[in-house]
Amino acid sequence: MRRDYDIVVVGGGHAGAEAAWAASQMGARTLLLTLSRDTIAKMSCNPAIGGIGKGQLVREIDALGGLMGRAIDATGIQFRVLNRSKGPAVQSPRAQADKYAYKDWIRAALERADNLDIAEGMAAEILLADGRVSGLACTDGRVFRAPAVILTTGTFLGGILHCGPEKWPGGRLGEPACNELSDCLRRLGLTVRRLKTGTPVRLDARTVDLDKLEVQPGDEPPMPFSFLTDSIQQPQVPCWITYTNEAVHKLLRDNLHRAPMFTGQIESVGPRYCPSIETKIVRFADKSRHQIFLEPEDRAVTTIYCNGISTSVPKDVQEEMLRLIPGTEKARIVHYAYAIEYDYCPATQLKINLESRRIPGLFMAGQINGTTGYEEAAALGLTAGINAVLSVRGQEPFVLGRDQAYIGVMLDDLLTREIDEPYRMFTSRAEYRLTLRSDNADVRLTPLGRRLGLVDDARWQAFQDKQKQMEELTAYLRSVRVSGKTLWEWLQQPDHPLSEDLNSNEPVRQMNLPRQVLEAVSIAAKYEGYLQRQQRQIERFRRLENVRLPEGLDYFQVPHLRYEAKEKLTAFRPYTLGQASRIGGITPADIDVLAIYLRKTVSSADEKR
């Protein structure tokens, strides 16, 4: 194995896998350093991909040429579209995975990739030369040279696991923590803070009384994630639903004095939208029950993930809790629930391309940025991989705006907000969610992926074929009139058969078009007025977004700017005037002052030239 690379990616989780894939596909000599090949893309928590907002991220990763969408299509065991009864802006795909098949698929794809080597080992130190990254040293003494290093360390930096009063170092169950690298980041002057996450028990499926449970089937037909997948052929596996009850809540209340979240043993903050069950019964004391999703972890249904009862209470309390839940009274625990505290570096220390402002060549992606979830990690990993290559080549960064992608929304949020809890994507975070739908991610992003070198010929041809089909169908619907209206206009009427099914029109049915094409054209027609209105909003938004702020601007020299604004802008270093407007504490008046200053500066520079 060589020792000199263009890019070194540290960590083989979901962020690391996408970062390594992107860099290698763009032609960069790339190394993926992971503790074990066997744990690449391991689903250490929920064995599922997608969800509200998260499903849109996966579709965007796929549209750009990433791996996650194809991987879940190949290894998923149940597919559902969430919020199907609501509008397309908030509909999100989600799938249960065979977690073993999923990681094997990702690993195989990486092992086949050109320009990519995989090495096992633990990172210890970021090496610098002349103030910028020159490589990476491992704990075993090996050194890999590269002008760019991407840290995708997940929960491994300074990781400590908690189960009742027990606590021990680890990146996740059965794997060591990475402490040397945490110490290195602090020595380099980076701000390092702590976050917490957790996971529920896993059960032996043979010991769960499924007959007592509510069955939750998948959608028929299942909708794929990848734009390259025509249809899901493998059979689906059901999930099941059960609930906690007052007896469970009393047990937990009686044992809060033994729960690390309440004894002070755990000091950091966990995810607001995925709290532990002991936090739920305190925060929502008026609720008599909480829903639990029992989700198979593999196609053979050998183990079950208990989604909804994440906890770090002692083992005996976990066992007693299960005895009180319908369906799990006699269940055997395969491994106990635990919480984990870990180090992260707030993303406000990064440039728009996920590169450290303090250390050129050092990129960060995933939970080290303060996020939670496979999908958020993968999207940031893909972005970091792209930008690391562009940086090494001396090219402009790849920047997605809030109006272009959920990836852009997430990155902007991380760069302009103080994160004091793990960040999770939701559709409600996107102002332009009607435009950023899951069905049109390819229209928005595949041409960008093609220019970057991530979209291969097969995907590009499929995209062009779909675009042609959409154009032909749209032209037909706009040109044919029935009873004084075009079919396009009839499609916009909620009570018309076309609104329910485009194939109710015989000529359309004879076109034999894919479901994705019919869906996309139908949405474009039904929401035409709303989309036009949102496009006008986007154009107004871009007026601020297109005003770049000089990277070295000294805000303390800007006349009439409030002192608080000078401090905030200096700390966050926004990329555009629009991004500056979203920083907490920055007022519209501050933006006006900045805009006037920039116009005068540009005018003065023009006069001098």
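Stop 1: Start with an open sheet whose four strands run in the order 12-11-20-13, paired antiparallel. At its edges lie strand 12 (166–169) and strand 13, each of which pairs on one side only. From one strand to the next, the twist averages 25°. Axes here are lines fitted to C-alpha atoms, for helices over the stretch in contact, and angles run from 0 to 180 degrees between N-to-C directions. Two strands count as paired if DSSP finds at least two bridges between them. Helices (H or I, at least four residues) and strands (E, at least two) are DSSP runs, numbered from the N terminus.

A word on the model: it is predicted, local features need pLDDT of at least 70, side-chain atom pairs count only at pLDDT 80 or more, and totals for chains, interfaces and linings use all residues. Residues are numbered from 1 along each chain as its sequence is written, and side-chain values use heavy atoms, leaving out hydrogens and water.

**Stop 2: the pairs in that sheet.** Select strand 11 (residues 160–163) with strand 12. They pair antiparallel over four bridges. Look for Leu161: its bridge partner in strand 12 is Trp168. Then take strand 13 (residues 193–199), which is joined to strand 20 by seven antiparallel bridges. Find Arg193 and its partner Tyr344.

**Stop 3: strand 20 by itself.** Is this strand buried or exposed? Seven of the seven residues of strand 20 (residues 338–344) are buried, so the rest of the structure largely encloses it. Buried means under 20% relative accessible area, exposed over 50%, and partly exposed in between (1.4 Å probe, protein chains only). Color the two faces separately. Tyr338, Ile340, Tyr342 and Tyr344 are buried on one side, and Ala339, Glu341 and Asp343 are buried on the other.

Stop 4: Next, select the open sheet with the order 6-2-1-10-21, where the pairing is parallel. Strand 6 (116–120) and strand 21 (362–364) are the edges, each pairing on one side only. Neighbouring strands are turned by 20° against each other on average, direction ignored. Zoom in on strand 1 (residues 7–10) and strand 10 (residues 148–151), joined by four parallel bridges. Val9 stands opposite Ile150 in strand 10. Helix 1 (residues 14–25) packs on this sheet and touches strand 1, strand 2 (30–34), strand 6 and strand 10. The direction of helix 1 makes about 165° with that of strand 2. Contact means heavy atoms within 4.5 Å.

**Stop 5: helix 13.** Select residues 457–479. The 23 residues of helix 13 should span 33 Å at 1.5 Å a residue, and the end C-alpha atoms are 33 Å apart, which agrees. The expected span is 1.5 Å times one less than the number of residues. Buried residues in helix 13 are Arg459, Phe463, Lys466, Gln467, Met470, Leu473, Tyr476 and Leu477. Trp460 is also in helix 13. What does Trp460 touch, not counting residues up to four places away in sequence? Thr446, Pro447, Arg450 and Val455. Trp460 and Gly65 are 395 residues apart in sequence, but 9.8 Å apart in space, C-alpha to C-alpha.

**Stop 6: helix 18.** Helix 18 (residues 528–545) has 18 residues and reaches 25 Å from its first C-alpha to its last, close to the 26 Å expected. Show Gln534, Ile538, Phe541 and Glu545, the buried residues of helix 18. They cover an arc of only 65° around the axis, which puts them on the same side of the helix. The arc is that of the directions from the helix axis to the C-beta atoms. Helix 20 (577–581) is included in what covers them.

Stop 7: Most residues other than glycine have a negative phi, and most peptide bonds are trans. Go to Ala41, in the loop between strand 2 and strand 3 (48–50). Ala41 has a positive phi of about 60° and is buried, with a relative accessible area of 1%. Arg573 lies in the loop between helix 19 (563–572) and helix 20. Its phi is positive too, about 45°, and Arg573 is partly exposed at 23%. Finally, the peptide bond from Glu220 to Pro221 is cis, with omega near -5°.

**Stop 8: zoom out.** The protein chain has 21 helices and 23 strands. Of its 609 residues, 58% count as buried. The C-alpha trace spans about 70 × 70 × 55 Å along its principal axes.
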